[in-house]
Amino acid sequence: MKAYLDNGATTMVDPDVVEVMMPYFSIKYGNAGSLHGLGKDAGDAVRKARATIAEAINADPDEIIFTSGGTESDNIALKEAAFANQGKGNHIITTKIEHPAVLETCRFLETMGFSVTYLDVDKEGFVDVEAFRRALRPETILASVMHANNEIGTIEPISEIGSICREKGIIFHTDAVQSFTKVPIDTKAMNIDLMSLSAHKIHGPKGTGALFVRKGTKLGTLMHGGGQEKRLRSGTENVPGIVGFAKAVEIAAKSHEHIARMTGLRDRLGSGLLAIPGSSLNGAEPESGKRLCNNINVSFKYVEGEAMLVHLDLAGVAVSTGSACSQKSLKPSHVLLAIGMARKDSHGTLRLTLSRFTTEEEVDYTVEALKGIVEKLREMSPLNKETIKGYDDIDLKKRGR
Ligand SMILES: *Cc1c(COP(=O)(O)O)cnc(C)c1O
């Protein structure tokens with residue numbers, strides 16, 4: 001591997017994280033619920049981890065529920081808040097650019113009698129706070145707006161939305177899987193009731209995450225059983241995963257240097273890629289301060305994202321088209337469509353995501369490799385500038401313009 005620029009999909013587990021996890025597989029293998037010494041050691045480790053994560057988001061330790069990851073946290077938050085508050089109303093507000101773990105859960109809730117408003121976003125991917133306000137109904141019980149988008153890196157105005165929700169007595173959930181440890185989060189100042197986190201996007205292990213549940217937020221029980229995690233989510237705690245998650249948070253929280261470094265490399269990558277003819281940036285302007293420090297999303301005219309990805313892979317570079325989840329199907333990314341991109345243009349899009357382990361060499365190698373690949377693909381492609389012109393006209397006619 002020459003360059004790994006797919007950290008939005010998953011990250012390398014930090015070797016220091018692996019190290020603190022190891023004893024909990026071997027010598028400290030107790031069940032955190034057991035009353036003997038081995039169990040107490042595991043229980044203490046889980047308690048310590050809960051405090052570390054709570055501190056990073058200005059929450060209380062007993063407001064942290066450990067889960068199997070971002071997907072589970074999103075599912076618990078939306079389903080359990082919706083069902084537990086059904087008596088008050090059946091309306092939910094979310095956006096068109098949420099992660100599938102939120103969008104598909106909302107679609108499911110629609111089949112269960114809930115009514116869901118999917119808010120539009122502007123061409124940079126921002127939700128309009130006034131449009132949010134206008135979408136409110138007397139029967140609105142829950143809103144879910146992600147902190148930062150996983151495909152285009154746009155950071156949403158969740159503080160404003162949080163304060164509207166608090167004022168109206170609506171439960172506010174945010175998916176902060178991508179932003180956690182990259183953008184400051186204060187659950188109290190931001191009026192967040194529920195928040196999803198995941199370890200493997202921040203150099204922790206896969207299969208571990210957390211749901212922040214503000215004290216007093218009414219939720220139902222997803223997993224019935226032994227009563228772990230305040231009876232919300234029964235099941236023997238994943239002690240190594242939880243310990244590793246907390247270590248990953250601790251490392252990221254210790255220094256903010258890595259954010260400045262990633263921002264610099266992101267901008268180097270962005271300007272390198274945007275120097276390739278026929279390229280354009282998707283999402284918020286990097287200078288706005290409202291884009292994730294590790295995300296670049298670029299569309300290239302007259303080339304297919306999948307072809308670029310395959311050629312980059314052969315050159316030892318890992319990136320993503322649109323998002324990891326839309327990769328297996330050739331459906332255009334719902335996020336790119338929501339920011340107003342035409343279907344045919346959305347296919348020529350790559351997402352490149354950095355981490356604190358990304359080097360300048362990786363960035364420069366990727367830019368050089370992609371320059372050659374885009375050129376070669378365009379030469380080979382029937383979608384050269386002449387034919388694409390006719391293609392554009394046909395497309396516009398079909399849409400009656
Ligand atoms: C990765 C991701 C998830 C899913 O998290 P898992 O831990 O992989 O289940 C949810 N939301 C966002 C925004 C993500 O980027």
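Start with two helices: the axes of α2 (residues 37-56) and α7 (residues 239-254) come within 9 Å and cross at roughly 35°. This is a predicted model, where local features need pLDDT of at least 70, side-chain atom pairs count only at pLDDT 80 or more, and totals for chains, interfaces and linings use all residues. Numbering starts from 1 along each chain as its sequence is written, and side-chain values use heavy atoms, leaving out hydrogens and water.

**The helix pair**
- Helices (H or I, at least four residues) and strands (E, at least two) are DSSP runs, numbered from the N terminus.
- Axes are lines fitted to C-alpha atoms, for helices over the stretch in contact, and angles run from 0 to 180 degrees between N-to-C directions.
- On the α2 side, the contact (heavy atoms within 4.5 Å) includes Ala 42, Val 46 and Ile 53.
- On the α7 side, Ile 242, Phe 245 and Glu 250 are among the residues taking part.
- By class, this contact has 12 nonpolar, one polar and one charged residues; Ala, Val, Leu, Ile, Met, Phe, Trp, Tyr, Cys and Pro count as nonpolar, Asp, Glu, Lys and Arg as charged, and the others, Gly among them, as polar.

**The sheet**
- Seven strands form an open sheet with mixed pairing, in the order β2-β8-β7-β6-β5-β3-β4; two strands pair if DSSP finds at least two bridges between them.
- At the edges sit β2 (64-67) and β4 (115-119), each pairing on one side only.
- From one strand to the next, the twist averages 20°.
- Strands β5 (residues 140-144) and β6 (residues 171-175) run parallel, joined by three bridges.
- Leu 142 has Ile 171 as its bridge partner in β6.

**A helix on the sheet**
- Helix α4 (residues 100-111) packs on the sheet and touches β3 (91-95), β4, β5 and β6.
- The direction of α4 makes about 150° with that of β4.
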